[in-house]
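I opened this notebook to record what I looked up in the model, going from whole chains to single elements.

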Amino acid sequence: MAPHPETWLQPRPEGLFCLPGGFFIDATRAVDRAIITHGHADHARPGHHHVLASAETLAIMRARMGEGRAGITQQALASGEVLRIGDVDVGLVPAGHVLGSCQVVMTYQGSRAVVSGDYKRRADPTCAGFVPVACDVFVTEATFGLPVFRHPDTDKEIAKLLHSMSVFPERPHLIGAYGLGKSQRMVALLRAAGYDAPIYLHGALAKLCDLYGELGIDLGDLRPATVADKAALRGAVVIAPPSAVADRWARRLDDPVVAVASGWMRVRQRAKASGVELPLIISDHADWDELLATVIDVQAPEIWVTHGNEAALIYQLGLMGRRGRALSLIGYGDEGDDA
Amino acid sequence: MKPFADLLERLLYTQGRNAKIALLADYFGTRPDPERGYALAAIAGKLDFPGAKPAVLRALVATRVDPELFALSYDYVGDLAEAIALIWPKAAIEAPPELPAVVDQLRQTPREAIPALIATWLDASDVSTRIALIKLITGGLRVGASLRLAKLALAQRFEVEVDQIEEIWHGLLAPYPTLFDWLERRTARPDPGTTPVFRPPMLAHPIEEADRASLDWSSYRAEWKWDGIRVQLVATPGGKRLYSRGADDISASFPEILAAMDFTAVLDGELLVIRDGVVAPFADLQQRLNRKMVSARARAEYPVAVRLYDMLFDGATDLRGLPFDQRRGRLEAWFTATRPARMDLSEQINFETEADLAALRATARDDGIEGLMLKAAASPYLAGRPKGHWWKWKRDPLSLDCVLMYAQRGHGRRSSFYSDYTFGVWTEDGRLVPIGKAYSGYTDAELLVLDKWIRAHTVATYGPVREVEPGIVLEIGFDAAQRSSRHKSGIALRFPRILRLRLDKPVAEADRLETATRLIGAAAV
């Protein structure tokens with residue numbers, strides 16, 4: 001009989017550890033061997049010895065951390081390839097979260113576990129879509145693990161933004177969007193909706209947008225907002241990290257419409273508390289319905305939940321006849337609000 | 001219902017007053033009757049549906065959603081209407097009901113059938129419309145837009161004076177067809193007849209030194225400025241009402257005043273707590289404000305009276321066109337003849353020169369006095385704040401040197417600045433206790449200095465609030481200090497504002513709690 005994954009995949013203070021492979025997944029502190037699901041700072045930490053990830057994630061890590069800190073040795077694994085590490089077969093398949101994001105598929109003596117990292121199920125022009133893989137244990141996130149979180153159609157939210165730009169043609173629209181993934185996706189969504197004017201970027205976003213371009217994601221005409229004069233920014237789209245939106249940096253803009261693109265914008269008082277005038281419910285995480293659909297798609301009898309609102313999800317898994325287990329891993333989901 | 005829901009959602013996220021007025025004006029100008037009238041009634045809090053209370057909604061959601069999941073969700077969202085709207089199963093086809101249909105059907109449907117009715121609406125609506133529906137039905141709209149804002153929006157959109165709306169408002173009935181007919185110039189302005197409607201009051205300007213220098217003092221009359229709330233007493237054959245300065249009907253909070261209004265007149269005065277002829281501090285009056293029901297005990301402990309200072313109507317006769325002196329004569333004659341309970345006259349102060357009044361103002365120690373009022377003898381009673389007719393000459397504020405303790409970001413134009421400040425004074429054992437909060441009084445340059453300093457000296461953050469190290473002394477001005485159990489310091493300041501930034505002063509030399517406590521009951525001079 002195949003061994004149950006709980007005998008060979010264990011939560012440790014550093015993160016999930018695969019015993020027969022001798023590696024951690026998304027270790028939260030420096031370790032000897034790490035597999036990284038995606039480039040967000042709470043999952044990709046600096047200082048590991050050996051790092052295995054998708055080529056895109058490795059490139060993102062190098063750009064964010066610098067060559068030396070992104071792993072002493074780096075190894076890329078393409079989607080669809082299988083690599084034997086110790087006694088485990090390891091594969092990476094797309095998770096649909098941000099460019100390069102992957103699920104880690106581990107097969108050991110006929111028993112299979114999939115660690116999803118962070119993921120979403122909707123189309124995203126900047127990254128490959130989530131691929132469900134049948135498994136015995138599926139390790140999921142639960143950022144939006146409450147039935148109040150149902151993201152509306154992305155197209156509707158983009159239409160809301162474009163409508164606001166037509167109602168206030170003189171005001172710059174300042175969009176708070178997380179630096180890796182969300183900001184590039186916002187640009188790509190606007191481009192897909194036919195908006196081809198220059199888009200202005202906060203300085204902190206430039207490097208990653210350039211990298212997306214190098215990796216084949218065309219984002220059109222991007223310009224630095226920091227050196228642009230007020231007149232040029234009138235009526236323009238400006239993208240900045242959420243932390244900059246209510247900060248001194250934003251004073252360079254004349255009467256901006258402040259928008260924030262995040263799944264958290266679903267809850268009004270939360271959106272209002274962040275000083276947003278135009279909340280855009282656009283998320284890189286699965287919503288409640290998508291979490292449940294994924295559980296069914298991967299056909300796993302047992303679901304482990306790494307972080308987020310796990311109580312409601314685990315309760316719901318019980319109603320669906322599946323075993324839910326909270327891993328309560330510390331250290332994820334706290335890099336700003338990358339939701 | 002969808003356009004109304006969109007309006008509510010946009011109002012929620014819009015910070016500026018003018019922007020809110022613009023949204024409301026657009027709505028009232030473009031939506032049909034009777035929808036816009038019902039929207040106005042909803043904002044005014046005039047729609048009540050007894051069969052649809054929050055408990056009904058809670059029971060309803062339990063029929064569609066697992067109670068455990070709802071409990072976890074409600075706990076997270078914190079707002080019942082929003083939690084239900086978000087968790088309700090997604091509409092198969094979105095066809096939300098129209099606002100007038102919602103009102104009509106809620107009124108016509110027997111109580112036991114109302115939950116099923118609401119369920120069909122929720123089934124056919126998007127999230128935003130569901131929130132609006134539930135808030136409307138349960139009567140908890142709280143949209144961040146007051147009735148006054150809605151009236152200003154109507155005035156702006158239809159190019160009438162807002163006072164013209166105020167004058168007839170309390171005689172109108174939802175969904176206000178006569179109002180919109182008049183606003184769109186189809187009919188004349190509705191005649192309130194003998195309905196006890198509100199008349200916009202005459203307001204005063206603060207007097208500055210330059211104004212005083214050029215004033216012809218002999219043509220002015222002087223009275224004390226009482227520290228209560230401005231009220232209008234309206235008694236007609238059609239009914240009796242007590243209105244606040246902002247046109248709110250506050251009759252229910254002060255039944256003893258209503259009971260004393262056994263006459264036909266419209267009077268202007270100050271509502272005060274008066275015990276044995278002595279005006280109590282404003283804090284006492286606060287115990288009586290904003291209460292729908294008032295207990296016998298509260299009535300006995302905080303006895304209210306009205307100090308009258310003007311007369312708008314004597315019987316059915318409109319006196320507003322008469323000069324102040326003549327109105328005062330009518331008021332005194334009427335008072336002598338009528339002798340109403342719980343009312344007296346605000347005495348006129350004899351004076352010859354500015355110096356006489358300045359001396360009086362400087363020596364007045366009464367708790368209930370805020371300063372002086374100056375009224376031009378020849379002025380008619382004019383709505384609003386016309387310049388040169390009525391002046392208020394407030395006492396100089398009391399002041400304390402306080403230490404900045406917490407800061408919070410402001411709204412709108414100030415949303416990137418730490419512009420709201422909580423400050424404290426030293427206790428005997430060297431701790432700081434907060435005694436107040438101020439948002440105004442500083443210059444733009446001082447705001448920049450404070451903002452920069454706060455960002456560099458934050459020791460902790462609590463959501464939007466930053467705690468700073470003790471390092472800045474603020475000179476705080478205020479009109480009075482009152483005892484308060486709400487604050488840890490035991491003191492509440494009235495109208496606190498920042499007079500100066502005392503960057504020169506070491507924090508250790510800021511004032512002590514005992515100094516602040518000694519100012520309780522002291523009058524500003």
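The entries below go through the chains, the contact between them, and then a few elements.

**Conventions.** I am working with a predicted model, in which local features need pLDDT of at least 70 and side-chain atom pairs count only at pLDDT 80 or more, while totals for chains, interfaces and linings use all residues. Residues are numbered from 1 along each chain as its sequence is written, and chains are lettered from A and ligands numbered from 1 in the order in which they are written.

**Chain A.** I looked up the secondary structure and found 9 helices and 19 strands in chain A, where helices (H or I, at least four residues) and strands (E, at least two) are DSSP runs numbered from the N terminus. The radius of gyration of chain A is 20 Å, which agrees with the value near 20 Å for a compact globule of 339 residues; the radius is taken over C-alpha atoms, and the globule rule is 2.2 Å times the number of residues to the power 0.38. Buried residues make up 51% of the 339 residues in chain A, with a residue called buried if 20 or more other C-beta atoms, placed from the backbone, lie within 10 Å of its own, exposed if 12 or fewer, and partly exposed in between.

**Chain B.** I then noted 20 helices and 21 strands in chain B, whose C-alpha trace spans about 75 × 65 × 45 Å along its principal axes. For its 525 residues a compact globule would have a radius of gyration near 24 Å, and the 27 Å of chain B agrees. Of these 525 residues, 36% count as buried.

**Where the chains meet.** I counted 20 residues of chain B in contact with 24 residues of chain A, a contact being two residues whose C-beta atoms, placed from the backbone, lie within 7 Å. On the side of chain B that touches chain A, helix 1 (2-13), helix 5 and helix 6 each supply at least two residues, and helix 5 of chain B gives the most, with 6 residues. That side of chain B divides into 10 nonpolar, 5 polar and 5 charged residues, where Ala, Val, Leu, Ile, Met, Phe, Trp, Tyr, Cys and Pro count as nonpolar, Asp, Glu, Lys and Arg as charged, and the others, Gly among them, as polar.

**Helix 6 of chain B.** I looked at this helix (residues 80-87) next, and 7 of its 8 residues are buried, including B:Ala81, B:Ile84 and B:Leu86. What covers the buried residues includes helix 7 (268-273) of chain A, together with helix 4 (54-62), helix 5 (67-77) and helix 9 (127-138) of chain B.

**B:Leu147.** This residue lies in helix 10 (residues 147-158) of chain B, and I list B:Leu147 as partly exposed because it has 17 C-beta neighbours inside 10 Å. Leaving aside neighbours within four places in sequence, B:Leu147 is in contact with B:Ile43 and B:Ala44.

**A sheet in chain A.** I traced an open sheet of 7 strands with mixed pairing and the order 7-8-9-10-11-18-19, where two strands pair if DSSP finds at least two bridges between them. Its edge strands are strand 7 (82-85) and strand 19 (323-326) of chain A, each pairing on one side only. Strand 18 (residues 302-308) and strand 19 of chain A run parallel, joined by 4 bridges, and A:Ile303 stands opposite A:Gly324 in strand 19.
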